[in-house]
Amino acid sequence: MSPRRRLLDRAFAAAAWLCAALTVGCVVSVFAFVGREALPALVARPGAPPPRALVAPGLGGAFTWQPVGRRPKFNVVPLAVGSAKVAALALALAAPVGVAAACALAFLVSRRARRWVKPVVELLAGVPSVVLGYLALTVLAAWVQALTGCRYRLNALVAAAGVALAITPWIVTLADEALRAVPRETLEGAYALGASRAQVVLGVALPAARPAILAALLLAFGRAVGETMIVLMASGNAPVLRPLDPTASARTLTATIAAELGEVADGSHHRAVLFLLGAVLFVGTLALNLAAERVVACASRRES
Amino acid sequence: MNARALDRAFHAAAWGALGLVLAATALVVGPLAARGAPHLTWRFLAGRPSADLADGGVLPAIVGTAVCTLLMTVAVLPLGVGTAVFLSEYAPSRSRAARVVRASLRNLAAVPSVVFGLFGLGFFVLGVGRGLDRLLYPALGPVFGRPCVLWSAATLAALTLPVVAVTAEESLRAIPRAQREAAAALGATRAEVVLRVALPQARGGILTGAILAVGRGAGEVAPILFTGVASFAPDPPTDVRDMFMHLAHHVHVLATQAHDLDAARPALEASALALFLVTLGLNVAALVARDRTRGGRP
């Protein structure tokens with residue numbers, strides 16, 4: 001073998017290893033970098049509020065996010081509650097519709113119809129979130145206001161409806177895959193025992209696919225928590241702490257970062273807190289994804 | 001509840017839900033097309049915006065989006081395909097290296113896009129950029145150490161790396177082992193097997209991954225918000241150190257920060273429709289490419 005071919009072989013192998021190393025380095029540096037910039041918010045510094053002010057109630061028991069002012073307050077509770085509220089509402093809207101639509105897609109739709117229905121659903125998944133945010137801001141806000149007569153036109157419910165539009169295609173696709181993965185023999189056995197279509201789907205297929213569907217819902221919740229543009233445009237962005245009122249305005253962790261990062265000074269406490277919010281988001285969605293994987297792994301281990 | 005009533009209820013609920021999802025797609029497409037189509041003229045696509053963004057066109061935004069996604073593709077394709085080659089050709093399937101790389105790709109895919117924006121600002125703009133300035137332009141003000149299209153492209157490349165790597169690996173794994181073994185039996189080195197046998201056949205999957213990446217790059221706003229995009233930059237970027245306009249960001253700016261919303265509404269609706277058509281075209285192209293490589297499996 002000529003030395004040139006050998007050199008090419010070694011160089012190519014080195015390049016492949018380098019690419020893999022860069023990929024690992026990429027995620028490690030995202031984590032390390034965001035974490036490093038977030039650290040100043042976690043240690044007590046002179047002139048800045050103490051770290052426990054991030055979560056502990058302030059004067060009069062209020063949780064306030066007010067980064068601009070004479071005495072800036074950086075309590076993240078309203079933001080975290082806002083994120084959870086919008087994501088939970090979105091999941092409440094999207095999960096039943098998504099799973100039911102997946103049942104239809106997997107069991108009721110003919111093979112020919114499936115060839116155009118599935119791409120249409122996947123196309124909805126490809127719509128940019130700015131466009132969905134714009135639609136939420138104009139069309140959905142008008143509908144919600146007409147339906148509920150709420151006081152504030154842009155609120156958590158409108159943002160949740162927009163986010164639900166974004167995550168429903170994911171839920172449909174993943175749940176459809178989960179349902180179709182149920183072994184054919186199991187379903188045919190149920191049919192052979194005289195079960196109707198509904199009984200087979202509700203009593204056999206759904207329980208069998210439950211871990212995978214649960215994992216899909218966890219992933220969708222993670223995506224809903226990480227959604228930025230729709231909530232930035234449609235949620236009203238007022239950090240109001242009203243966990244039980246869907247028609248109150250809400251501000252999420254993501255919208256806070258996107259809205260305020262352009263205005264912070266280098267080295268300021270505000271900047272460190274924003275990076276801390278980013279770190280919390282990163283760790284939170286990572287945890288949700290790990291939980292989803294664990295659910296699927298546990299279930300398959302139990303089966304075998 | 002007797003079986004027949006349950007059956008009827010189930011059918012109604014399932015079909016209703018599917019109809020709702022399809023109606024949601026119509027809900028997205030309908031208002032976009034109806035409102036935006038009258039304003040989507042050639043003058044709009046080929047003109048420059050007026051200073052208050054309410055009038056004029058979006059040519060700088062279209063060119064800026066194209067430049068940014070082109071730079072992103074140049075960065076992400078080699079890295080993603082290289083990682084895919086590593087996973088499918090060089091690393092044994094259960095080895096620790098393969099597990100670590102796969103876990104990294106999964107974690108990278110899970111990061112919210114706004115966190116990528118944070119990372120891009122902190123690492124690329126302020127970290128690498130300032131470092132380059134200290135090396136190359138020690139006496140001047142910030143040249144690389146400020147937002148520009150180069151750092152936006154780099155941030156988007158980090159965002160879309162998982163998509164490219166996963167689709168490329170999938171298509172590499174689909175190639176039968178026998179072909180690689182035959183090439184090796186004929187005396188090919190491993191690099192030659194990959195370059196001459198595996199990669200040419202994986203072209204379809206790599207193309208699909210690239211199109212999906214470009215689709216995301218054209219639609220994401222949060223990663224570029226602080227790393228390079230400008231609300232008004234009437235001259236398209238000619239240098240990697242320039243700031244640029246971006247179609248998706250333009251939609252965001254017009255919807256939330258326009259001085260005169262009523263005057264800006266035609267531009268907003270046309271921009272939203274243009275962005276939707278671009279991403280729709282890219283997603284359809286990706287679907288077609290994926291169908292072709294998978295042999296039409298729905």
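**View 1. Salt bridges across the predicted model.** Over all chains, a search of the whole structure finds 20 salt bridges, each being a side-chain nitrogen of Lys or Arg within 4 Å of a carboxyl oxygen of Asp or Glu. This is a predicted model, in which local features need pLDDT of at least 70, side-chain atom pairs count only at pLDDT 80 or more, and totals for chains, interfaces and linings use all residues. Residues are numbered from 1 along each chain as its sequence is written, chains are lettered from A and ligands numbered from 1 in the order in which they are written, and side-chain values use heavy atoms, with hydrogens and water left out. Side chains of opposite charge can pair when their charged atoms come close.

**View 2. The salt bridge between R216(B) and E220(B).** The closest N and O atoms of R216(B) and E220(B) are 3.0 Å apart. R216(B) is partly exposed at 34% relative accessibility, whereas E220(B) is buried at 13%. Buried means under 20% relative accessible area, exposed over 50%, and partly exposed in between, with a 1.4 Å probe and protein chains only. Elsewhere, salt bridges that share partners join R36(A), E37(A), D266(A), R271(A) and R130(B) into one network.

**View 3. The salt bridge between E37(A) and R36(A).** In this pair the closest N and O atoms are 3.4 Å apart. E37(A) is buried, with a relative accessible area of 16%. R36(A) counts as exposed, at 51% relative accessibility.

**View 4. The salt bridge between E227(A) and R223(A).** The two side chains meet at 2.7 Å, N to O. E227(A) has a relative accessible area of 5% and is buried. R223(A), at 26%, counts as partly exposed.

**View 5. Helix α3 of chain A.** This helix covers residues 111-125, which is 15 residues. From its first C-alpha to its last it reaches 21 Å, close to the 21 Å expected at 1.5 Å a residue; the expected span is 1.5 Å times one less than the number of residues. Buried residues in α3(A) are R114(A), V117(A), K118(A), V121(A), L123(A) and L124(A). An α-helix has 3.6 residues a turn, so residues three or four places apart point the same way. Chain A as a whole has 10 helices and 2 strands, where helices (H or I, at least four residues) and strands (E, at least two) are DSSP runs numbered from the N terminus. Along the sequence these follow the pattern α-β-β-α-α-α-α-α-α-α-α-α. Of the 304 residues in chain A, 51% are buried.

**View 6. T65(B) and the residues around it.** T65(B) lies in helix α3 of chain B, residues 59-90. Its relative accessible area is 9%, and T65(B) is buried. Apart from neighbours within four places in sequence, T65(B) is in contact with A218(B), M245(B), H246(B) and L247(B); contact means heavy atoms within 4.5 Å.

**View 7. V128(B) and its contacts.** Helix α5 of chain B, residues 113-136, contains V128(B). V128(B) is partly exposed, with a relative accessible area of 31%. Leaving aside neighbours within four places in sequence, V128(B) is in contact with F123(B) and W151(B). V128(B) and R196(B) are 68 residues apart in sequence, and their C-alpha atoms are 36 Å apart in space.
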